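Thanks, everyone. Let me put the model on the screen, and then we'll walk through it piece by piece.

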Amino acid sequence: MSYDLIVIGAGPGGYIGAIRAAQLGLKVAVIEKEKALGGTCLRVGCIPSKALLESSEVYARAQGEMATHGVKVGSVELDLGAMMARKKKIVTMLSGGVQSLFKKHGIERKQGHATILGPGRVKVGDEELTGESILIATGSVSSPLKGVELGGVIGTSTEALEYEQPPGHLVVIGAGVIGLELGSVWARLGSRVTVLEYLDRILPGIDGDLAVKTQRLLEKQGLAFHLGVRVTGARPDGKGAVVEAEGIMPIHCDRVLLAVGRRPNTESLGLESVGVQVDKRGFITVGEGYQTAVPGIYAIGDVIGGLMLAHKAEEEAVACVERLVTGYGHVNYNAIPGVVYIEPELAAVGKTQEELEAEGTPFKVGRFPYMANARARALHMTEGEAKILAHRDTDRILGVHILGARAGELIAEATAAIEFGATSEDLARVCHAHPTLAEVVKEAALAVDGRTLNL
């Protein structure tokens, strides 16, 4: 069977690229080895973890915070089975939604492992497909760590989404987004959580002072941190596990979550045999228009490195496909937001203060605390702040960082501002409804020039 475009991988990058290609009139086939569509993000990543984060936060609030609002709930019990069933239902519905979109747009789905035989040729099972272009969107998998024996009570985020009961003591190896989100889930549900991190800080890549404030908030929630330690091993020990790290005593625990990052998922795709080049870390090398070293073969998303975010993969997929059809496609990598769905949320877009200092870029800083926001007071969610970095001379917004309630939603305004080249003055002049949390962004913009109105 011949197609205009063969997409390998049905995660956010793959299925969005396929849909956009179909909208532009291409005949598209998508190859996915898993039965369910949606990739890691939908099946065992972003979506199920956010479902558990939300449910665990509701549980945590019911245990104490509701009394602040004058709501007495009596005894609160955890029904982990129901919580997991809700998560599974959400995943199943969304995966089915992708299948419906394929049907709507006339996209053919092929299940099985894809092997690239050459330009325009892909084998899946016993079938060979031919196509004018091939788009690799196979995403990433959890990175291993030397000395950590996966299996049983030692696992990755995939296993941590399926625990049958809260571990008595959970050790998380890695203080990045995945480790902190899932560590937060199980801490709220009653686990003692210890986080081990090789670096001397949590959340590498996040603005430094907000990362420090985030750590303090997580410590108040019960998470314990050991920073600047190198884990040398983790192995089963009786019914639990023991984790060894330089500089601290061995830690005996019930479960271990390995969350030290992700690596490209390119195993057995046949890249070497057809001449697709990868770098020393295994990421596929692409040039203009996301084309690999082989004409007609393209790659996007986690498999090419950079920010490993579902929405980054989606933007790249759309840009790649539109370039194939129209000759133009572009992604503004400085306007890609990131969100850490802990409590309170942490969201960012653009440059960090550390990056601007390293570049020698002159900048001004504006801050505004949630504590001074009326809506935050009404919600009883006053932890955190908004921070805006603007160019000292042009006032162009260079970066926005928000730690606080609904930060993941508020960052959209900041992303739009950076995309359209707004200044802090532009943002400060936008009328924001009162009382809303969005006013922390307006006030932070005003603070760039030292003229906040409510502080």
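The largest nonpolar core has 49 residues. A nonpolar core here is a set of buried Ala, Val, Leu, Ile, Met, Phe, Trp, Tyr and Cys residues joined through side-chain atoms within 4.5 Å. Buried means under 20% relative accessible area, exposed means over 50%, and partly exposed is in between, with a 1.4 Å probe and protein chains only. The residues with the most contacts inside this core are Val28, Val30, Ile107, Ile116, Ile136, Ile284 and Ile297.

A word on where this comes from. This is a predicted model: local features need pLDDT of at least 70, side-chain atom pairs count only at pLDDT 80 or more, and totals for chains, interfaces and linings use all residues. Residues are numbered from 1 along each chain as its sequence is written, and side-chain values use heavy atoms, with hydrogens and water left out.

Take Ile116. What is Ile116 in contact with, leaving aside its neighbours within four places in sequence? Ile8, Arg121, Val122, Ile134, Ile136, Leu269, Gly270, Leu271, Ser273, Val274 and Ile297. Contact means heavy atoms within 4.5 Å. Apart from the 49-residue core lies another core, of 35 residues, including Val185, Val195, Leu210 and Ala259.

Now the helix packing. Helices (H or I, at least four residues) and strands (E, at least two) are DSSP runs, numbered from the N terminus. Axes are lines fitted to C-alpha atoms, for helices over the stretch in contact, and angles run from 0 to 180 degrees between N-to-C directions.

First pair: H1, residues 12-23, and H4, residues 80-105. They pack at an angle of about 20°, with axes 10 Å apart. That makes H1 roughly parallel to H4. The cut-offs: under 35 degrees is roughly parallel, over 145 roughly antiparallel, 65 to 115 roughly perpendicular, and the rest oblique. H1 passes H4 in a left-handed crossing. Left-handed means the near helix is turned anticlockwise from the far one by less than a right angle; right-handed means clockwise.

Who meets whom? From H1, Tyr15, Ile19, Ala22 and Gln23; from H4, Val98, Leu101, Phe102 and His105. By class, that contact has 6 nonpolar, 2 polar and no charged residues. For the classes, Ala, Val, Leu, Ile, Met, Phe, Trp, Tyr, Cys and Pro count as nonpolar, Asp, Glu, Lys and Arg as charged, and the others, Gly among them, as polar.

H3 brings Ile47, Pro48, Ala51, Leu52, Ser55 and Ser56. H4 brings Met83, Met84, Arg86, Lys87, Ile90, Val91 and Leu94. The tally for H3 with H4 is 9 nonpolar, 2 polar and 2 charged residues.

On to H14, residues 439-447. How many of its 9 residues are buried? 9 of the 9, so H14 is largely enclosed by the rest of the structure. Glu439, Lys442 and Glu443 are among those buried residues. The cover includes strands E20 (363-369), E21 (385-391) and E22 (397-403), plus helices H12 (407-419) and H13 (424-429).

The peptide bond between Glu343 and Pro344 is cis, with omega about 0°. Pro344 sits in the loop between E18 (338-340) and E19. His434 to Pro435 is also a cis bond, omega near 0°. Pro435 is in the loop between H13 and H14.

Then positive phi. Ser268 is not a glycine, yet its phi is positive, about 60°. It lies in the loop between E16 (262-264) and H8 (271-274). His380, another residue other than glycine, has phi near 60°. His380 is in the loop between H11 (374-379) and E21. It is partly exposed, at 41% relative accessible area.

Last, two single residues. Thr352: buried or exposed? Buried, at 5% relative accessible area. Thr352 is in the loop between E19 (346-350) and H10 (353-359). Beyond four places in sequence, Thr352 contacts Gly205, Ile206, Asp207, Leu389 and His401.

His252, in strand E14 (residues 251-253), is exposed, at 51%. Its C-alpha atom is 9.4 Å from that of Leu170, 82 residues apart along the chain. That's my tour.
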